[in-house]
Amino acid sequence: MIELLVNGIRPEPHERPFWDGARDHRLLLQRCAACGQLQHYPRSVCRHCLSDALDFVESAGNGVVYSFTVIHRAPLQELRPFAPYTLALVDLDEGVRFTSDVLGDPADVRVGLPVAVDFLDVTDEVTLPVFRPVLDPPRRQP
Ligand code: ZN
């Protein structure tokens with residue numbers, strides 16, 4: 001059961017706001033107060049300037065698939081009921097790359113596919129941000 005896997009998640013203090021946000025169905029990205037850069041995953045210092053003045057801002061949760069792989073043989077027994085599933089690198093509109101699942105039929109996933117964040121409430125404590133294809137995205141203005 002995937003519940004057993006997420007029960008092993010023990011956030012460090014600098015990761016706690018991310019997981020609290022996910023539980024509230026908000027995708028939070030860490031922002032450096034010194035240089036303004038965003039980063040994910042949460043770290044104890046900024047990966048750009050090493051400042052520890054970090055806070056969190058909410059992402060709109062929209063992005064495109066940068067790359068992906070389809071997992072046919074899950075590496076852990078707890079994940080086998082979900083196979084085949086898609087593990088993707090998603091480039092969020094805010095400029096941050098995020099690793100997660102893209103739900104739905106893996107055959108529908110392609111590089112450049114627009115996706116939007118969704119949230120899987122796995123336990124009372126742990127919610128996983130995942131992505132779903134945006135089938136009819138609004139046209140972007142040139
Ligand atoms: Zn910085």
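Visitor: Is Phe18 buried or exposed in this structure?
Guide: In this predicted model, a residue counts as buried when its relative accessible area is under 20%. The relative accessible area of Phe18 is 5%, and Phe18 is therefore buried.

Visitor: How are the rings of Phe18 and Trp19 arranged as a pair?
Guide: A search of the whole structure finds 3 aromatic pairs, and Phe18 with Trp19 forms one whose ring centres lie 5.2 Å apart. Planes over 60 degrees apart count as edge-to-face. Because the planes of Phe18 and Trp19 stand at 85 degrees, the pair is edge-to-face.

Visitor: Which parts of the chain does the pair of Phe98 and Phe131 tie together?
Guide: The rings of Phe98 and Phe131 have their centres 5.7 Å apart and their planes at 70 degrees, so this pair, too, is edge-to-face. Phe98 belongs to strand E6, residues 97–102, while Phe131 belongs to strand E8, residues 127–133. The pair therefore ties together parts that are 33 residues apart in sequence, namely strand E6 and strand E8.

Visitor: Which residues form one aromatic cluster?
Guide: Trp19 is buried, with a relative accessible area of 17%, and both Phe98 and Phe131 are buried as well. Together with Phe18, these residues make up one aromatic cluster, whose members are Phe18, Trp19, Phe98 and Phe131.

Visitor: What is the arrangement of the 4 donor atoms around the zinc ion?
Guide: The protein donors are the SG atoms of Cys32, Cys35, Cys46 and Cys49, which lie 2.3 to 2.4 Å from the zinc ion. Four donors count as tetrahedral if all angles lie between 85 and 135 degrees. Since the angles here run from 105 to 117 degrees, the arrangement is tetrahedral.

Visitor: How many residues apart in sequence are the parts that Cys32 and Cys49 tie together?
Guide: Along the chain, the donors of the zinc ion follow the spacing C-x2-C-x10-C-x2-C. Cys32 lies in strand E1 (residues 28–32), whereas Cys49 lies in the loop between strand E2 (38–39) and strand E3 (54–58), so the pair ties together parts whose separation in sequence is 17 residues.

Visitor: Is Cys49 buried, partly exposed or exposed?
Guide: Cys32, with 2% relative accessibility, counts as buried. For Cys49 the relative accessibility is 37%, and therefore Cys49 counts as partly exposed.

Visitor: Which ring does the charged end of Arg43 sit over?
Guide: Arg97 lies over the face of Tyr66, at 3.5 Å from the ring centre. The charged end of Arg43 is placed 4.0 Å from the centre of another ring, and that ring belongs to Tyr41.

Conventions. Residues are numbered from 1 along each chain as its sequence is written. This is a predicted model: local features need pLDDT of at least 70, side-chain atom pairs count only at pLDDT 80 or more; totals for chains, interfaces and linings use all residues. Side-chain values use heavy atoms; hydrogens and water are left out. Donors are N, O and S atoms within 2.8 Å of the metal (3.2 Å for Na, K and Ca); water is not among the atoms, so sites may look incomplete. Four donors count as tetrahedral if all angles lie between 85 and 135 degrees; four count as square planar and six as octahedral if opposite donors are over 155 degrees apart and all others between 65 and 115; anything else is irregular. Helices (H or I, at least four residues) and strands (E, at least two) are DSSP runs, numbered from the N terminus. Buried means under 20% relative accessible area, exposed over 50%, partly exposed in between (1.4 Å probe, protein chains only). Rings of Phe, Tyr and Trp (its six-membered ring) pair if their centres lie within 6.5 Å; planes under 30 degrees apart count as stacked, over 60 as edge-to-face and the rest as tilted. A charge sits over a ring if NZ of Lys or CZ of Arg is within 6 Å of the ring centre and within 35 degrees of the ring normal.
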